[in-house]
Amino acid sequence: MSNREHKSGFISIIGRPNVGKSTFLNRVIGQKIAIMSDKPQTTRNKVQGVYTQEDAQMIFIDTPGIHKPKHKLGDFMMKVAQNTLREVDLILFMVNADEGYGRGDEFIIEKLKEVKTPVFLVVNKIDQLQPDELLPIIEQYREFYPFKEIVPISALEGNNVDRLLEQIKLLLPEGPQYYPADQVTDHPERFIVSELIREKVLHLTREEIPHSIAVVIDKMSKDDNKDVIHVMATIVVERDSQKGIVIGKQGKLLKEVGKRARMDIENLLGSKVFLELWVKVQKDWRNKSIHLKDFGFRDDDY
């Protein structure tokens, strides 16, 4: 590396549910580490993505969408998001260009006023607007908060993402390379595998399923003689009726979940995968601390 200073830092991505935070993270990192769904509140834990350049390393944290909580899992998700804001070097407040300012943004801006961390306003989904529609939206947000920078982007198309990364780099402090250059996330593979399975269930099921599922990896092991990784996972739902939906007629839906998840997991692990899925009912798990801990939602992690 040259004698130029090396910059590094932690950047939190926050915003209302479904503004494109995970799409942005996957775009920057160049591979899928955050799950994407058109259903809100898809992200539950902090997902860390690591983006390394020769003279900088940016560690992105995609937090759960900030919203008023309705149950214990919601409380947990909010606590994760708010704690993150105090620990980072920069906050990206991402908003949806084609929705404009809303009540959820008001709630987030109140939270931002409680921290001293610099904030960029990132206006996402500009590919869905006419150019002259953008300025009024920016002005609307500017009234409520003194943003350090305002950058319009399209995470899906990649427009202006490089410019945003340049602006981030300018603001980051001098610092070490925290992770090896080829590492793109700090999450263990088991976590990402469970998230990929959960994503497929979200894509394939109806509205009543999303927030009442968790995926637990029971076993991940490599067969001695073959280049095959054996993954056994349990999809946890809250009600018997949901179990029926996830399994589907003659097991069709579960089979499709397995097929789609296996392809993503093979890409992630670079190996053939044998995937076995079960579905289990754990009544009202989102309101029971003991189950939240079992499924990886632990207060002491944050």
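1. Helix α8 is followed by G270, which has a positive phi near 65°. The model is predicted: local features need pLDDT of at least 70 and side-chain atom pairs count only at pLDDT 80 or more, while totals for chains, interfaces and linings use all residues. Residues are numbered from 1 along each chain as its sequence is written, and side-chain values use heavy atoms, with hydrogens and water left out.

2. Helices are DSSP runs of H or I, at least four residues, and strands are runs of E, at least two, numbered from the N terminus.

3. Buried residues of α8 include L253, L254, V257, A261, I265 and L269 (buried is under 20% relative accessible area, exposed over 50%, partly exposed in between; 1.4 Å probe, protein chains only). The buried residues pack against α6 (189-204), β7, β8, α7 (240-247) and β9 (272-281).

4. D227 sits in the loop between β7 (214-222) and β8 (228-237). D227 is partly exposed, at 49% relative accessible area. Its C-alpha is 10.0 Å from that of G270, 43 residues apart along the chain. Leaving aside neighbours within four places in sequence, D227 contacts K222, S271 and K272 (heavy atoms within 4.5 Å).

5. In α1, F24, R27 and V28 meet V161, L164 and L165 of α5.
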